[in-house]
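Let's take a walk through a protein model together. Keep the picture open beside you and look up each residue as we reach it.

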Amino acid sequence: MGANISGAMVDRDEGGSPLKPRLGDIPESCAALVLALLDPPEICKLARVNRSFHGASSADFIWESKLPSNYIFIVEKVLRDPTLLSLQKKQLYAGLCRPNPFDAGRKEIWLDKNTGGVCLSISSKALTITGIDDRRYWTHISTEESRYPTVAYLQQIWWFQVDGEVEFGFPVGTYSLFFRLQLGKSSKRLGRRVCNSKHIHGWEIKPVRFQLTTSEGQSVESRCHLDNPGNWVLYRVGDFVVQNPNAFTNIKFSLTQIDCTHTKGGLCVDAALIYPTTVAKEIRSCS
């Protein structure tokens, strides 16, 4: 009887010989161990191979290993929504990969979907901009080309200075900080994008200065001319290194052109962005 039962459970070919094991015969537990070694995009691709990999791809231990080491801090202290921790880790990862606003919508945090790296965006309204309340110099204009409803637009000024500061508990790693800027004011006309360059002037005379300092004593400074009118450009301020994931890192950064021998204008300031440096390289190469 035992032999008959054993033979009934083994798939055989037309000649009666046992078939070789197939990919679908792999137990979910083994498939999960394989998936845990892969990056999130590869996990999602293999989840479509068969039922075994599809079932294994939802295992919590797989996705918890892809979440950043500070994900509990992000959920509880930044987003202030501890109910997210009750989700399956795959759902939590997917939710954190979407832009998540905080600080009254003036900032956003998200995970890079390919690596799980923590990314931050600080809007123009969360930056300290000299003269921002004087409409002779600055205005906030509506846009569809930003993560945020508006960007800051400079018409003309002598003393140009934009300062920012953020304190955050980053995972260990190297990060890059950028300003997202555009010369000219873009809008839609008859369904087509147009850029008004009327107020662009002064940037070719002298370069702007970028500065970055951290609470750990790191300091970076660079200079460059703003160019490429009509296009949003990520200007790299500098990199910083986080070595202690249990401590908050305070980052101060600025963008200045304070030579008062000439005015400058026609600039849109969208946001400052912080990416893991490996992610930043991919973004720059695609832009």
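**A guided tour**

At 38% relative accessibility, Trp159 counts as partly exposed, where buried means under 20% relative accessible area, exposed means over 50%, and partly exposed is in between (1.4 Å probe, protein chains only). You'll find Trp159 in the loop between strand 6 (150-154) and strand 7 (160-168). Helices (H or I, at least four residues) and strands (E, at least two) are DSSP runs, numbered from the N terminus. Together with Trp158 and Ile258, Trp159 forms a nonpolar patch on the surface, with about 310 Å² of accessible area. Patches like this are made of residues with over 30% relative accessible area and no salt bridge, with nonpolar side chains (Val, Leu, Ile, Met, Phe, Trp, Tyr) joined within 5 Å and like charges within 9 Å. The areas come from the Shrake-Rupley method with a 1.4 Å probe, and for residues only the protein chains shown count as cover.

A quick word on what you're looking at. This is a predicted model, in which local features need pLDDT of at least 70 and side-chain atom pairs count only at pLDDT 80 or more, while totals for chains, interfaces and linings use all residues. Residues are numbered from 1 along each chain as its sequence is written, and side-chain values use heavy atoms, with hydrogens and water left out.

Now for the whole chain. It has eight helices and 15 strands, and buried residues make up 43% of its 287 residues. Of the contacts (heavy atoms within 4.5 Å) with a separation of 6 or more, 66% are between residues 24 or more positions apart. The accessible surface comes to about 15800 Å², and 52% of that belongs to carbon and sulfur atoms.

Next, find helix 6 (residues 71-78), whose buried residues are Tyr71, Ile74, Val75 and Val78. Why do they sit on the same side of helix 6? They cover an arc of only 120° around the axis, judged by the directions from the helix axis to the C-beta atoms. In general, an α-helix has 3.6 residues a turn, so residues three or four places apart point the same way. What covers the buried residues of helix 6 includes helix 5 (60-64), helix 7 (89-96) and strand 7. After helix 6 comes Arg80, with a positive phi near 55°.

Let's move to strand 14 (residues 249-257), where Asn250 sits. Is Asn250 buried or exposed? With a relative accessible area of 12%, Asn250 is buried. Its side chain makes a polar contact of 2.9 Å with that of Glu165; such a contact is a pair of N or O atoms within 3.5 Å, where within protein one must be able to donate a hydrogen and the other to accept it, and residues adjacent in sequence count only if both atoms are side-chain atoms. Leaving out residues up to four places away in sequence, Asn250 also touches others, including Val166 and Thr214.

Last stop: salt bridges, meaning a side-chain nitrogen of Lys or Arg within 4 Å of a carboxyl oxygen of Asp or Glu. The structure holds 11 of them. In one, the side chains of Arg147 and Glu108 meet at 3.1 Å, N to O. Arg147 lies in the loop between strand 5 (138-142) and strand 6 and Glu108 in strand 2, so the pair ties together parts that are 39 residues apart in sequence. Glu108 is buried at 9% relative accessibility, whereas Arg147 is partly exposed at 38%.
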